[in-house]
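Please keep the viewer open as you read.

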Amino acid sequence: MSTRPDGIPGSLLKGPFAVGSYARMLQEELRKRARVQLFGEVWGFRAARARVYFELRDGEGALPCSMWRADFDALGLGPLADGAQVVVAGGPSYYPGSRTSSPHFAFDVTAVRLAGEGDLLAQLDRLRKALDAEGLLTPQKRLARPALPRTIGVVCAERGKARDDVLAGLRRRGWAGRVVWAFAPVQDRHAAPAIARALADLAAVGGVDVIVVARGGGSLADLFCFCDEILCRTVALLPVPVIASVGHHTDRTLLDDVAAVSCSTPTHAAEAAVPLDCGRARAALADAAARLDAHGRRAVVDRARALARLSRAPAQHLDRQRVALRQSLRELRAAGRRGLAARRDRTARHALVLARKGAAEQAQAARAATLERLRLALDAHDPARTLERGYALVQDRDGGVVTSARAARDAGDVRLRFGDAAVDATIRDA
Amino acid sequence: MSSEPAHTYETATARIEEIIRRLDSGEAGLRETLDLLREGRGLVELCAAELDEVGRGLQELRLDELVARLESGERAAS
């Protein structure tokens, strides 16, 4: 605990008091104030881990507000957009801070109700619809933008990052032409007329091929000058294409709607102003020139060679015919030789076939003579032939052959088979 | 005879590509080839001049100075 120092000599005020105890007293005093409901427009809403913060504004003033995040999330409203009109309930609160943390004042919000779209956004929407109905959102988009502008006008703050970003974008394209800077305020209420005047002047001086309007990001409230009706009407009717780069894609201004092109950063805007990469364009042009030269050389040289070929053609034709004739002759001779050999072979084959045929006929005659002999031999042993010559065959009743007198006697009745027929006989032994 | 159309950089490069395609096809006769070559070389010159215009080094002017110069010029003329 530090000792209490002397007060300021001559001062009639009480104290000095330790700041911490005074801060706590202030906190208690503010807590005593009545809890109330307020209404206004939300700006700069942000959600931290434990609390959400925003400002509540209207035309007369503003209050910083904060609310427990858990309480806010429980309402299910989602992040509050800039300009959203709300009613909040709560009371003033002062956090006294400490040696290591900063104090701060805020309206401690305990409840929020959305009360309709903020006046500013509704006003913007009405203006956008009016411009659209008048057909002012399209004329800029119909303007032709050169791939390689010689002169680019740039409207931006004289001191600001946007200027450097535009130059960086132009360098990236390899573009080093003429830039006409039109410096103007880009944030306060004087900004819109100054920007409109700069744009009109840039279009009037002549030679400016395209204009970039550049500004770094900011909340929609900070960018409100780019929603000015007169500025937007000026841009819509400008004969030079305007590339807008005044905010982020989440904060769309009316200028973004009326401009020929809308980009998210000044660097992109510069690249959109020079669609062509100058380095690549130079390389491509050199390549095209080389190809044209090559065609130029070929156009003459190739045709000269063709003429030379034609001039040599008759002699070459005769040579070719002579070679072809010799070749034909060689082929004819070869064919003659091949024909003789073939005929010789064929004759030999015929002789062989004939010889084989003669041998086969002789074998056939020999086989016929042998058969005749065998037939005669067989005939000689045929019993029919013996009977025809006057012999008779004696058989018993059973058909068995009787070959002796005793057997004939034993049999008694026999059959005598002659060459022409058989007769039965009885043996009588005398 | 119709006069040649005034080319922008884009139309000139497009025409050069068209000419090269025609020459590459090998279908152009001698007279057409020579005409195309003449036209192509002229367009390359034009494009090279355009690229030179934006390649000599960044030139920065201020609009207020430019307007003041123009206004003083107008006063002097009147």
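In this predicted model, strand 6 (residues 151–156), helix 5 (residues 161–172) and strand 7 of chain A make a right-handed β-α-β unit. Right-handed means that, with the strands pointing away from the viewer, the path from the first strand over the helix to the second runs clockwise. Helices (H or I, at least four residues) and strands (E, at least two) are DSSP runs, numbered from the N terminus.

Strand 7 (residues 178–183) of chain A has five of its six residues buried, that is, under 20% relative accessible area with a 1.4 Å probe, protein chains only. Strands pair if DSSP finds at least two bridges between them. Strand 6 of chain A runs parallel to strand 7 of chain A, joined by six bridges, and A:Val155 has A:Ala182 as its bridge partner. Strand 7 of chain A also pairs in the parallel sense with strand 1 (residues 59–62) of chain B, over four bridges; here A:Val179 stands opposite B:Glu60.

Now to the rings. A:Phe45, A:Phe54 and A:Phe72 form one aromatic cluster. Rings of Phe, Tyr and Trp (its six-membered ring) pair if their centres lie within 6.5 Å; planes under 30 degrees apart count as stacked, over 60 as edge-to-face and the rest as tilted.

| Pair | Centres | Planes | Type |
|---|---|---|---|
| A:Phe45 and A:Phe54 | 6.3 Å | 25° | stacked |
| A:Phe45 and A:Phe72 | 5.2 Å | 40° | tilted |

Both A:Phe45 and A:Phe72 are buried.

A note on conventions: residues are numbered from 1 along each chain as its sequence is written, and chains are lettered from A and ligands numbered from 1 in the order in which they are written. Local features need pLDDT of at least 70, side-chain atom pairs count only at pLDDT 80 or more, and totals for chains, interfaces and linings use all residues, while side-chain values use heavy atoms, leaving out hydrogens and water.

Methods
Buried < 20%, exposed > 50% of the residue type's maximum accessible area, 1.4 Å probe, protein only.
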